[in-house]
Amino acid sequence: MSVARAFWQRFETLHAVTYFAPESIAAAKDAGLKGFWMGYFGFRPLRSDPWRQAPSRPPSRTSPLRDGAAVASRRLGAGVARGPSRHSGRELAARALRRAAPDVETSVELNDELRSLSMQASVLGRPMYAANRSVGVFDDPVQELWQQCTTLREQRGDGHVAALAVHAVDGVEAHHPLAAGTGIDPETFFANRGWTADERDAGRVRLVDRGCCRRRAITAAGAELRSSIESLTDELAVAAPLSLVERLDGVARSVVASGVLPFPNPMGLPAVDAQV
C-alpha cells in the first residue's frame, strides 16, 4: 500500500464519524433530514451551499461522484437548508471522536503539522479543498484535528474527481469497478446515491463497451483502469511523511474498533487494514 493511500485511510476514518456517529444521526433526524445523503450534505455546509442557494439547479458537475446524492436529496423533498448549523457538525464530530477514541486527546499534538500540510497544495481546480482550507483555527483542539483531516480529505477528493475526468469516467461508471474490485454489493453505493436503475445499468453498459466490465465482474482492463485512477489520485494528493501516517494510525484504529463506522459503507471507506 502506498503511503498516500495509507494516509487517506487514516484521515478519512477520523473525518467519517460526522456521518455515522449517533450524535450526528440524531441531530440530522431532529433537523428533518432523511437518509444518509441528506445528513451527509446537511453536516457538510461548505459542500451544500450551492444547493442551499439554488436547490432547483442541476447537480454541480464539479463533484460527479455526488451528483446522484444531490438528485436524491431533491427527491426526498427535504431542503438542505433545514440542516444543522455551520458549526454543529464539527462539534458533534469532536464529541463522537472523544467518545469513540479517548486517545484522540493525545493526537491533537499533530494539529500544527496537519495544518501545515493541508495548506501546501494549490487550490486551482479544487473548490471543496479551497473552501475548507479557508476555515480558521478552532479553540477546541479535537475540532481542529477533525477539520484538518477534513481539509486533507477534500484536497484528495478534488484530485480524485480530476483523475476520473482524465480517464473519462463519470460518477455512475466509477462505482461499478469499485464494487467489483472490492467485492462490495453495488447497491451499497447506488441505493444511497439516488441514481435510477436505468442510469446504473447504462453506466455498466458503457464500461462493458470499453471492455472494463463483463456483467457484474471487473475485467483485467477494468482493474487496470481502476488502478490508474487510484494511482493518479495518490499522485495528486498532498504527500505526507511516513512518520505522520504512523502517528495518526493509533487513533484511526481506535475509531474503527469502537464500531462507530459501518463496514462496508456508502463512502467506500475500508477499515484501516495495514501497518505502515
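Me: Where in the chain is Asn265 placed?
Reply: Quick ground rules: this is a predicted model, where local features need pLDDT of at least 70 and side-chain atom pairs count only at pLDDT 80 or more, while totals for chains, interfaces and linings use all residues. Residues are numbered from 1 along each chain as its sequence is written, and side-chain values use heavy atoms, leaving out hydrogens and water. Helices (H or I, at least four residues) and strands (E, at least two) are DSSP runs, numbered from the N terminus. On that numbering, Asn265 belongs to the segment after α15 (242-258).

Me: Is Asn265 buried or exposed?
Reply: Buried means under 20% relative accessible area, exposed over 50%, and partly exposed in between, with a 1.4 Å probe and protein chains only. Asn265 comes out at 1% relative accessibility, so it counts as buried.

Me: Which backbone oxygen does the side chain of Asn265 reach?
Reply: A polar contact here is a pair of N or O atoms within 3.5 Å; within protein, one must be able to donate a hydrogen and the other to accept it, and residues adjacent in sequence count only if both atoms are side-chain atoms. The Asn265 side chain also has a polar atom 3.0 Å from the backbone nitrogen of Gly268. As for the oxygen, the side chain gets there at 2.8 Å, and the residue is Pro262.

Me: And which residues does Asn265 touch, not counting those up to four places away in sequence?
Reply: Contact means heavy atoms within 4.5 Å. With the sequence neighbours set aside, Asn265 touches Phe20, Thr188 and Phe189.

Me: What about Gly268: which residues is it in contact with, leaving aside neighbours within four places in sequence?
Reply: Gly268 is also in the segment after α15. Its C-alpha is 8.9 Å from that of Thr182, although 86 residues separate the pair along the chain. Leaving the neighbours out, the contacts of Gly268 are Trp8 and Phe189.

Me: Which two residues does the cis peptide bond join?
Reply: Most residues other than glycine have a negative phi, and most peptide bonds are trans. The cis one has an omega of about -5°, and its proline is in the segment after α15. The pair is Phe263 and Pro264.

Me: What is phi at Ala168, roughly?
Reply: Ala168 is in the loop between α10 and α11 (171-182). At 54% relative accessibility, it counts as exposed. Its phi is positive, in a residue other than glycine, and lies near 55°.

Me: How do α1 and α15 lie relative to each other?
Reply: Two packed helices are described by the angle between their axes and the distance between the axes. Axes are lines fitted to C-alpha atoms, for helices over the stretch in contact, and angles run from 0 to 180 degrees between N-to-C directions. Angles under 35 degrees count as roughly parallel, over 145 as roughly antiparallel, 65 to 115 as roughly perpendicular and the rest as oblique. Helix α1 (residues 3-20) and α15 come within 9 Å and cross at roughly 40°, so the pair is oblique.

Me: Which hand does the crossing of α1 and α15 have?
Reply: A crossing is left-handed if the near helix is turned anticlockwise from the far one by less than a right angle, and right-handed if clockwise. Residues in the contact include Phe7, Phe11 and Leu14 of α1 and Leu244, Leu248 and Val255 of α15. The crossing is left-handed.

Me: How many nonpolar residues are in the contact of α1 with α10?
Reply: Ala, Val, Leu, Ile, Met, Phe, Trp, Tyr, Cys and Pro count as nonpolar, Asp, Glu, Lys and Arg as charged, and the others, Gly among them, as polar. The two helices pack at about 120° with axes 9 Å apart. Among the residues that meet are Trp8 and Phe11 from α1, and Trp146 and Leu152 from α10. Alongside three polar and four charged residues, the nonpolar count is eleven.

Me: At what angle do α6 and α10 pack?
Reply: Helix α6 (residues 88-100) and helix α10 (residues 141-166) have axes 9 Å apart. The contact includes Ala94 and Leu97 of α6 and Val142 and Trp146 of α10. The two are roughly perpendicular, because they pack at an angle of about 105°.

Me: What relative accessibility does Glu154 have?
Reply: Glu154 lies in helix α10. Its C-alpha is 8.1 Å from that of Arg126, 28 residues away in sequence. Glu154 counts as buried, because its relative accessibility is 2%.
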